[in-house]
Amino acid sequence: MKFEGRDEMIELSKENYAHVLPLLKNLVYEPVFAYSVIERNQSGKVFVDHNENPTCSLIINSYGQYFLVKRGDNECFMSDVVEFLRNDQNHSKYYDLYASTPELLFQISESLAGKTVLLHRSSFTFELSKFQHLKKN
């Protein structure tokens, strides 16, 4: 996407997908599907604000899962993301949008009002020690 007088939301070539890896460090949840796209185990697209050292990224897999991550402040990129998400021609009937922080999700959800349904997910950790007594000999 290119807008007059603004930086564009850049689609990275597959060879440069690894440029977004620093943005995925130290997140609360591991965006497994995003890593799968970056490692090219799953088809998708990666959009960034800058080719070499991105501060924002939208990672999309071909199954309708989108991961938005942002470090710093780039209003132009965020505006482009909202425009991209609001355009029905960019997706199938629905998509799942995940954000790197609750604040980022809150920030973008206001711009997508009427086009989204907020869902909550939980993550669990399996504690083997709680099930050791069930082990068969």
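This is a predicted model: local features need pLDDT of at least 70, side-chain atom pairs count only at pLDDT 80 or more; totals for chains, interfaces and linings use all residues.
Is Phe77 buried or exposed? The tour returns to that residue after a view of the whole chain.

**The whole model**

The protein has 137 residues, of which 35% count as buried. Its C-alpha trace spans about 70 × 35 × 30 Å along the principal axes. The secondary structure consists of 3 helices and 5 strands, and in sequence order these elements follow the pattern β-α-β-β-β-α-β-α. Of the contacts between residues at least 6 apart in sequence, 57% link residues at least 24 apart.

**Phe77**

Select Phe77, which lies in helix H2. Phe77 has a relative accessible area of 2%, and is therefore buried, the cut-off being under 20%. Next, show the residues around this side chain. With neighbours within four places in sequence left aside, Phe77 is in contact with Met9, Phe47, Val48, Asp49, Cys56, Ser57, Leu58 and Leu68. For a contrast in position, select Ser92: Phe77 and Ser92 are separated by 15 residues in sequence and by 22 Å in space, C-alpha to C-alpha.

**The sheet**

Now colour the strands. The 5 strands make up an open sheet with mixed pairing, in the order S1-S2-S3-S4-S5. At its edges are strand S1 (10-11) and strand S5 (96-99), each of which pairs on one side only. Strands in a sheet pair through backbone hydrogen bonds, in either a parallel or an antiparallel manner.

Both kinds of pairing can be followed from S4. Begin with strand S3 (residues 56-61), which pairs with S4 in the antiparallel sense over 5 bridges. Select Ser57, one of the residues in contact with Phe77; Ser57 stands opposite Val69 in S4. Then move to the hairpin of S3 and S4, where 3 residues lie between the strands. Select Gly64 in this hairpin: its phi is positive, near 90 degrees.

On the other pairing, strand S4 (residues 65-70) runs parallel to S5 and is joined to S5 by 4 bridges. Select Tyr66, whose bridge partner in S5 is Leu97, and then Phe67, which stands opposite Tyr98 in S5.

How many of the 6 residues of S4 are buried? The number is 5, so S4 is largely enclosed by the rest of the structure.

Select helix H3 (residues 102-111). This helix packs on the sheet, where it touches S4 and S5, and its direction makes about 110 degrees with that of S4.

H2 and H3 pack at an angle of about 55 degrees, and their axes are 10 Å apart. Because of this angle, H2 is oblique to H3. The crossing of the two helices is right-handed.

Which residues of H2 meet H3? Show the side chains of Glu75, Met78, Val81, Val82, Leu85 and Arg86 on H2, together with Leu104, Gln107, Ile108 and Ser111 on H3, which they meet. Coloured by residue type, the residues of this contact divide into 6 nonpolar, 2 polar and 2 charged.

**A last view**

Methods
Residues are numbered from 1 along each chain as its sequence is written. Side-chain values use heavy atoms; hydrogens and water are left out. Two strands pair if DSSP finds at least two bridges between them. Contact means heavy atoms within 4.5 Å. Axes are lines fitted to C-alpha atoms, for helices over the stretch in contact, and angles run from 0 to 180 degrees between N-to-C directions. Angles under 35 degrees count as roughly parallel, over 145 as roughly antiparallel, 65 to 115 as roughly perpendicular and the rest as oblique. A crossing is left-handed if the near helix is turned anticlockwise from the far one by less than a right angle, and right-handed if clockwise. Ala, Val, Leu, Ile, Met, Phe, Trp, Tyr, Cys and Pro count as nonpolar, Asp, Glu, Lys and Arg as charged, and the others, Gly among them, as polar. Buried means under 20% relative accessible area, exposed over 50%, partly exposed in between (1.4 Å probe, protein chains only).
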